[in-house]
Amino acid sequence: MSDEHDHHDPAPEPSATPMAPEDAGSQALAEALRSSFAIVKFVMVALVVIFLGSGFFQVGTQEKAIILRFGKTVGQGQAALLGPGLHWSFPYPIDEVVKIPITEIQKISSTIGWFAVTPAQELSGNLPPPGPSLVPGVDGYVITADRNIIHTRATLYYQVDDPIRYVFGFTSASNTIQNALNNALLDTAAQFKVDDVLYSDVAGFQEAVQQRVSDLADGERLGITVKQCNVDSMPPRQLKDVFDQVTAARQNQNKVLDDAHSYENQTTNSAGAQASTIINEARSARARYVQSVQADAKAFSALLPNYKINPGLFRQQELVQVMGQALTNVDFKTYLPTTANGKPIELRLLLNREPPGPKTAPANP
Amino acid sequence: MKRNLITLITGAVLIVIFALLLFTFQVRQSEVAVVTTFGRITGPPCEPGLHLRWPWPVQQVYKFDGRIQNFQEKFRETLTADQISLITSIYVGWKISDPSAFLNSFKDGSVTAARSQLESLLASDNITVVGKHPLADFVNIDPKQLQFDQIQAEMEQMVQGELQTNNYGIQIEFLGIQQLGLPESVTQAVFDRMKSERNILISRAQNEGLAEAIKIKANADRQANETLANAQAEATRIEGEGVAEAAKTLPVFQENPELANFLLSIDAIKQALNQRSTLFFDDRVPPFDLFHGTLTNPPSDRP
């Protein structure tokens with residue numbers, strides 16, 4: 001305060017300089033020194049304020065922060081994590097703030113297993129033509145359980161679970177995760193057959209890869225949770241045609257089988273229908289027959305008394321009636337009387353009406 | 001003497017700061033450190049936090065990255081036990097577990113030197129371990145025979161053991177194979193084999209489909225025939241039932257078999273003459289017996 005007072009009083013103070021300055025020049029110098037001291041003091045105070053103020057920092061919604069005091073984390077485990085909001089720490093070199101993205105899901109892709117192609121080439125669909133063989137270190141691939149070569153790649157989505165381990169346990173946790181993902185692809189492919197990976201068990205393969213990465217991450221204590229794992233596989237481009245042909249042949253096989261099954265349905269159904277028709281016909285035939293026999297019996301019972309009266313006459317009557325009926329149905333009638341000598345007239349017939357053959361057969365009445 | 005007090009405080013603060021810089025050091029959470037006194041390692045490795053020290057040249061502090069570091073091998077061609085050439089690449093996670101031993105083993109604690117040491121260890125162990133296993137241990141349809149994990153564990157054990165024996169102060173946290181390939185020339189042979197396998201699958205798909213279809217159709221036909229035959233048998237049985245039922249009326253006809261026979265004959269004649277038919281009689285058959293002897297001028301009489 002006294003300094004400040006000095007500053008405002010331009011007059012020489014008796015206590016500081018008992019001897020009155022004779023020299024105006026030295027007095028001016030002293031004054032200049034005093035005022036520059038004041039500026040330096042002001043700057044120092046400002047610096048202290050700025051220094052302490054620089055300890056404020058903000059944590060976003062997608063991140064957490066850890067304070068390192070003299071290099072050591074403040075607090076243990078979850079207690080060490082600062083959530084979103086405004087926080088204060090001692091400025092450097094006492095405290096250091098480390099921010100870690102946590103809620104956001106991170107993504108990493110495998111580096112082995114796919115042929116040499118740049119993302120730009122893939123987007124444009126302008127792939128480099130496949131060579132006759134695969135060059136180690138350039139073209140990636142995996143070997144399946146049945147020793148086929150296929151391309152496969154995985155994209156892993158994960159979330160940081162234990163930020164302290166994630167950040168302070170590994171120089172590059174994401175590289176470690178990538179290695180684990182590569183290893184998982186390789187190991188899983190070694191247990192699957194080529195057709196399972198490509199066609200029949202795509203989901204199973206993907207699941208197995210994800211399981212393996214999760215296990216590795218747990219085993220290596222990476223401090224992450226695996227959220228999702230997408231796996232994409234294809235046969236080597238050199239063999240695309242022949243793989244496509246197998247697919248086509250299998251589809252055709254299914255079609256043939258479908259046709260056979262529909263034939264099966266149709267045949268058995270129509271046989272069933274036919275069978276029930278036959279049985280129904282038999283039933284109605286039975287009914288008809290029984291009825292007609294019963295009707296005959298009835299008629300018989302009715303006729304019997306008449307017959308008993310005079311069997312000969314009855315027979316004659318019936319016969320003549322039938323003959324009469326029959327003759328009305330007959331188209332034309334020829335009467336051949338007995339010749340004088342009592343022998344019947346010989347008659348020759350040419351039969352070629354209904355029967356199919358053109359044979360002629362003589363018939364004698 | 002207020003001014004002097006302020007100056008004194010300022011000076012003291014400056015001295016304290018200077019002294020702190022000289023006499024203390026920080027070890028970050030991710031680091032491990034070791035202190036040497038006149039070049040000799042003194043004291044145990046330092047934990048993260050603030051530590052005291054004598055200034056240079058009495059004591060010197062060596063700090064190392066204590067985190068797990070990645071190291072991945074370049075491709076290496078190795079021979080399996082069954083003499084198949086494999087290209088493998090191994091990755092490890094390693095860390096400096098004992099900074100004192102690490103500093104003793106590598107000049108100035110050079111991480112580069114440590115890496116190359118690790119690389120040569122990995123290379124030899126990779127070759128040794130792969131050479132002990134046939135290819136079937138690396139890839140196999142039967143998960144029980146697959147020894148992928150055992151192979152990795154064997155390598156890890158071997159490297160770990162050598163690191164410990166030599167007291168490098170390095171520790172392997174995990175080890176894995178991250179690439180398994182075949183020499184370029186072999187891939188072509190594999191392609192040829194795969195192609196012929198595919199061709200077999202194609203013809204199998206075709207033939208199997210046809211054979212199966214034929215089988216299904218034949219089976220369907222057989223089933224249909226069986227159904228029809230059963231139906232026929234059933235129909236015959238039903239008709240038999242009918243006959244049996246009709247037979248119950250027989251006693252009625254037995255009252256006068258003669259009349260019964262006569263009626264049956266009449267019925268038969270009725271039915272036989274129902275359609276267009278041609279009949280030949282001579283004049284002894286009634287009712288034409290009426291004509292007998294009545295006509296004497298034979299042919300040319302047409303109705």
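# Chains A and B: a working chat

User: Where does B:Asp108 lie?

Analyst: B:Asp108 is in the loop of chain B between α2 (99-105) and α3 (111-132). Helices (H or I, at least four residues) and strands (E, at least two) are DSSP runs, numbered from the N terminus. This is a predicted model, in which local features need pLDDT of at least 70 and side-chain atom pairs count only at pLDDT 80 or more, while totals for chains, interfaces and linings use all residues. Residues are numbered from 1 along each chain as its sequence is written, and chains are lettered from A and ligands numbered from 1 in the order in which they are written.

User: Is B:Asp108 buried or exposed?

Analyst: Exposed, because B:Asp108 has 8 other C-beta atoms within 10 Å. The cut-offs are 20 or more other C-beta atoms within 10 Å for buried, 12 or fewer for exposed, and partly exposed in between, with C-beta atoms placed from the backbone.

User: What about its phi?

Analyst: Phi of B:Asp108 is near 55°, which is positive, and the residue is not a glycine. Most residues other than glycine have a negative phi. B:Gln83, also not a glycine, has a positive phi of about 60°.

User: Where is B:Gln83 found?

Analyst: In the loop between β7 (76-79) and β8 (85-96) of chain B. B:Gln83 counts as exposed because it has 9 C-beta neighbours inside 10 Å.

User: OK, sheets. What order do the strands take in the open sheet of chain B?

Analyst: The order is β3-β2-β5, 3 strands with antiparallel pairing. Strands pair here if DSSP finds at least two bridges between them. In chain B, β3 (40-46) and β5 (59-65) are the edge strands; each has a single partner strand, so one side of each has no neighbour in the sheet. Neighbouring strands are turned by 25° against each other on average, direction ignored.

User: How many bridges join β2 to β3 in chain B?

Analyst: 4 bridges, with β2 (residues 31-37) antiparallel to β3(B). B:Thr37 has B:Arg40 of β3(B) as its bridge partner. The two strands form a hairpin with 2 residues between them, and B:Phe38 in the turn has a positive phi of about 50°.

User: And what about the open sheet in chain A, what order there?

Analyst: β3-β2-β5 of chain A, 3 strands with antiparallel pairing. At the edges of the sheet in chain A are β3 (72-73) and β5, each with a single partner strand, so each has one side without a neighbour in the sheet. Strand β2 (residues 63-69) of chain A pairs with β3(A) over 2 bridges, and A:Leu68 stands opposite A:Thr73.

User: Which residues does A:Ile94 touch, beyond those up to four places away in sequence?

Analyst: A:Arg69 and A:Phe70. Contact means that the C-beta atoms, placed from the backbone, lie within 7 Å. A:Ile94 sits in the loop between β4 (85-88) and β5 (95-101) of chain A, and counts as partly exposed because it has 14 C-beta neighbours inside 10 Å.

User: Switching to the inside. How many residues are in the largest nonpolar core?

Analyst: 83 residues, and A:Ile177, A:Leu185, A:Val209 and A:Val213 have the most contacts inside it. Helix α5 (residues 173-189) of chain A gives the most to this core, with 8 residues. A second, separate core has 8 residues, including A:Ala271 and B:Ala224. A nonpolar core is a set of buried Ala, Val, Leu, Ile, Met, Phe, Trp, Tyr and Cys residues joined through C-beta atoms within 7 Å.

User: What is A:Val213 in contact with?

Analyst: Leaving aside neighbours within four places in sequence, its contacts include A:Leu156, A:Ala180, A:Val226 and A:Cys229.

User: Last topic, the interface. How many residues does the contact take from each chain?

Analyst: 101 residues from chain B and 98 from chain A. On the side of chain B that touches chain A, helix α5 (residues 184-247) of chain B gives the most, with 38 residues. That side divides into 50 nonpolar, 28 polar and 23 charged residues. Ala, Val, Leu, Ile, Met, Phe, Trp, Tyr, Cys and Pro count as nonpolar, Asp, Glu, Lys and Arg as charged, and the others, Gly among them, as polar.

User: At what angle do the axes of α8(A) and α5(B) cross?

Analyst: Roughly 5°, and the axes of α8 (residues 240-309) of chain A and α5(B) come within 8 Å. That makes α8(A) roughly parallel to α5(B). Axes are lines fitted to C-alpha atoms, for helices over the stretch in contact, and angles run from 0 to 180 degrees between N-to-C directions. Angles under 35 degrees count as roughly parallel, over 145 as roughly antiparallel, 65 to 115 as roughly perpendicular and the rest as oblique.

Terms used:
Two residues are in contact if their C-beta atoms, placed from the backbone, lie within 7 Å.
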